[in-house]
Amino acid sequence: IMKLKKIASLMLAGVMAVSMLAGCSTVGEKPEDPTEEPDVVVSAATDMLYSELSGSAKARVTAVANDKLDTVLAEAADKYWDYNSPAGFDHVFKVDGWRISDAVKSGMGADYKSIMDFDRKATSDKSATEVFVVDASTSDAYVMELLAERIDKFVDHLPEISGGHGNQGAWNDYVYSYDISASIAEKTVTFAGVETGIKYVALYMVQNVAENA
C-alpha cells in the first residue's frame with residue numbers, strides 16, 4: 001500500500017510540473033490585434049519649424065512653445081484619426097474643413113483657420129490655426145521643412161501696422177507682432193506585421209495688437 005501511495009505521489013508531482021511548464025510557455029503571449037491603437041505620440045515641433053523659416057520670415061514671428069496646442073492636437077488626433085487620410089511622403093496636405101481641423105480651432109479658441117486671414121484692420125488680438133497631414137514615416141524634421149516652405153511667404157507678408165479707418169480704427173493706429181507654435185501628433189497601427197499611420201501637424205499663430213505710440 002505504501003509503495004502504491006509513493007507511486008501515486010510521484011505521478012501527481014509529474015502532472016503538476018508539466019502543467020506549470022505549459023502555463024509558463026503561454027504567459028505574456030498576446031496575439032497581434034490590428035484594431036488596437038496605441039496612444040498618440042506628440043513631438044515638440046515649434047523650434048524645428050522656426051529654424052526652417054527663411055531669415056525674413058523669422059524676423060516677423062516669435063517661436064512660442066504651447067502645451068495647450070500639444071494637448072488639443074493630441075486629443076483631436078486620438079478622436080478623429082484615420083489612417084486612410086490622403087497623406088503623402090513628400091508633401092504636407094492641409095486638412096481644412098475636416099473635423100480634426102475644426103476641433104483644433106475650437107480647442108484653441110482661434111478666430112481663423114488660416115494665417116492668411118490676418119489683415120490690417122485688427123484692433124484686438126487675433127489667432128489662427130491650420131492643420132496638415134503627412135505620412136507617419138516622414139521624419140519630424142522633414143515635416144517642418146515642408147511646412148516652412150509652404151508658409152514662408154505668408155509669414156513674410158504678415159501686416160506690421162494697421163491700415164483701416166472708420167469703425168475699424170484710424171490709419172496706422174495699431175502695430176502688430178506675431179507668435180508661432182507648432183505641434184505634431186502621430187498615430188500608427190500594425191497590420192499584418194506592417195506599421196502604418198499618419199502624422200497630423202498643427203500650426204497656431206497669434207496676432208498681437210498694440211496701439212501705435
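Is Asp102 buried, partly exposed or exposed, and what is its relative accessible area? In this predicted model, Asp102 has a relative accessible area of 37% and is therefore partly exposed. The side chain of Asp102 meets that of Lys113 in a salt bridge, with a distance of 2.8 Å from N to O. This pair links distant parts of the chain, given that Asp102 belongs to helix 5 and Lys113 to the loop between helix 5 and strand 4, 11 residues apart. Lys113 has a relative accessibility of 23% and is likewise classed as partly exposed, since that class begins where the buried class, under 20%, ends. A network of salt bridges links Asp102 and Lys113 with Asp96.

Salt bridges number 6 in the model. One of them joins Glu160 to Arg60, whose closest N and O atoms are 3.3 Å apart. Glu160 is located in the loop between helix 6 (140-156) and strand 5, whereas Arg60 is located in the loop between helix 3 (55-58) and strand 2 (61-63); the pair therefore ties together parts that are 100 residues apart in sequence. Arg60 is buried, its relative accessible area being 15%. A further salt bridge is formed by the side chains of Lys187 and Asp78, at 3.0 Å from N to O. Here too distant parts of the chain are linked, with Lys187 in strand 5 and Asp78 in helix 4 (residues 67-80), 109 residues apart. The two partners fall into separate accessibility classes: Lys187 is buried, at 2% relative accessibility, while Asp78 is partly exposed, at 47%.

The model contains 1 cavity of 30 Å³ or more, and the volume of the largest cavity is about 40 Å³. Its lining consists of Lys94, Asp96, Ser101, Lys113, Thr129, Glu130 and Val131. Strand 4 gives the most to the lining, with 3 residues. By residue type, the lining comprises 4 charged, 2 polar and 1 nonpolar residues.

Aromatic pairs amount to 3. In the pair of Phe93 and Trp98, the ring centres are 6.1 Å apart and the planes lie at 50°, so the arrangement is tilted. Both partners are partly exposed, Phe93 with a relative accessibility of 34% and Trp98 with one of 28%. The pair of Phe118 and Tyr178 is also tilted, because its planes lie at 55°, with the ring centres 5.7 Å apart. This pair links distant parts of the chain: Phe118 is in the loop between helix 5 (99-108) and strand 4 (126-135), and Tyr178 is in strand 5 (residues 174-191), 60 residues apart. Phe118 and Tyr178 are both buried. Together with Tyr112, these two residues form one aromatic cluster.

A contact between a charge and an aromatic ring is also present, in which the charged end of Lys58 sits over the ring of Tyr50 at 5.8 Å from the ring centre.

How values were computed
Residues numbered from 1 in each chain as written. Predicted model: local features only at pLDDT ≥ 70, side-chain atom pairs only at ≥ 80, totals over all residues. Heavy atoms only, no water. Phe/Tyr/Trp six-rings, centres within 6.5 Å; stacked < 30°, edge-to-face > 60°. Buried < 20%, exposed > 50% of the residue type's maximum accessible area, 1.4 Å probe, protein only. Helix = DSSP H or I, 4+ residues; strand = E, 2+ residues; numbered from the N terminus. Lys NZ or Arg CZ within 6 Å of the ring centre and 35° of its normal. 1 Å grid on protein atoms, 1.4 Å probe; cavity = no way out; pocket = protein on both sides within 12 Å on 5 of 7 lines; lining within 4 Å. Points joined across faces, edges and corners; volume = space filled by probe spheres on them. Nonpolar A, V, L, I, M, F, W, Y, C, P; charged D, E, K, R; others polar. Salt bridge = Lys/Arg side-chain N within 4 Å of Asp/Glu carboxyl O.
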